[in-house]
Amino acid sequence: MNTFPIMIAGAACAGFLQGLTGFGFSLVSLSFWAWVLDPLLAATLAVFGGWLGQVLAAFTVRRRANWHNVLPFVLGGLAGLPLGLRVLPHLDPVLFKAFLGVLLAVWCPIMLVAPRLPRLAAGGRGADGCIGIVGGAMGAIGGFSGVIPTLWCTLRGFDRDTQRGVIQNFNLTMLTVTMVTYCATGVVTRDMLPDFAAVAPIVLIASLVGGRVYVGISDAVFRRMVLGTLTASGIAMLAASLPKLL
């Protein structure tokens with residue numbers, strides 16, 4: 001099977017969404033890549049693409065960071081990264097698809113209704129740090145660092161720009177540390193470099209377009225469409241993987 005078109009399609013869709021919303025590269029890309037790529041390669045490519053998009057966003061979609069808000073997430077995330085790194089080498093393809101399917105099928109509908117849920121005020125910076133630990137661990141597994149913190153910021157009632165500032169800086173920090181660790185520990189191999197080279201320009205172009213769209217319009221309708229599609233993809237992955245697990 002020729003996996004190249006699927007790899008490029010995943011990079012383009014994920015790059016655009018990340019440029020538009022500041023998060024979601026791994027969820028979108030892996031909804032394509034988990035079907036056709038080895039789990040370790042798919043996870044590594046997702047981290048690389050997410051990191052590349054965040055670096056671009058730091059220069060093209062600048063949001064002034066309130067480090068009083070960002071720091072608890074970052075410190076918690078750095079503590080959580082080693083947990084995810086322990087899990088990564090032991091990923092099983094079927095379990096990986098099932099995990100991703102559950103994540104998509106549960107997280108995306110929650111994100112759809114989150115703006116209408118009561119705002120959370122309890123826990124303060126300690127709760128933010130605990131959410132950061134979860135985000136850091138998930139970031140090391142496959143670049144999912146922004147999934148839970150994004151939901152948490154939405155439930156906190158942060159406005160769009162405040163949330164973008166927190167998630168953008170948190171993701172950039174987590175993905176940078178994860179990529180450095182991947183390279184230092186041999187997770188990134190020479191065999192992966194052609195795949196990195198193939199997706200890099202697609203991610204950059206798509207992220208740039210998404211960032212320009214973000215500046216000009218509201219992303220609410222687009223996010224609803226994307227989250228609905230991802231929910232369907234997660235259900236499909238569960239349907240494909242659960243019979244094998246059972």
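**Asp 128 in helix H6**

Asp 128 is found in helix H6 (residues 124–142); helices are DSSP runs of H or I with at least four residues, numbered from the N terminus. With a relative accessible area of 8%, Asp 128 is buried, a term that means under 20% relative accessible area with a 1.4 Å probe and protein chains only. Not counting residues up to four places away in sequence, Asp 128 touches Pro 72, Phe 73, Trp 152 and Arg 156; contact means heavy atoms within 4.5 Å.

**Basis of the model**

This is a predicted model, in which local features need pLDDT of at least 70 and side-chain atom pairs count only at pLDDT 80 or more, while totals for chains, interfaces and linings use all residues. Residues are numbered from 1 along each chain as its sequence is written, and side-chain values use heavy atoms, with hydrogens and water left out.

**Packing of H2 and H5**

Helix H2 (residues 25–33) packs against helix H5 (residues 93–113) at an angle of about 130 degrees, and their axes are 11 Å apart. Axes are lines fitted to C-alpha atoms, for helices over the stretch in contact, and angles run from 0 to 180 degrees between N-to-C directions.

From H2, Leu 27, Leu 30 and Ser 31 meet Phe 96, Leu 100, Leu 103, Leu 104 and Trp 107 of H5. The residues of this contact divide into 7 nonpolar, 1 polar and no charged.

Leaving aside neighbours within four places in sequence, Trp 107 is in contact with Phe 23, Leu 27, Val 102, Val 147, Ile 148, Leu 151 and Leu 227.

Terms used
Helix = DSSP H or I, 4+ residues; strand = E, 2+ residues; numbered from the N terminus. Nonpolar A, V, L, I, M, F, W, Y, C, P; charged D, E, K, R; others polar. Buried < 20%, exposed > 50% of the residue type's maximum accessible area, 1.4 Å probe, protein only.
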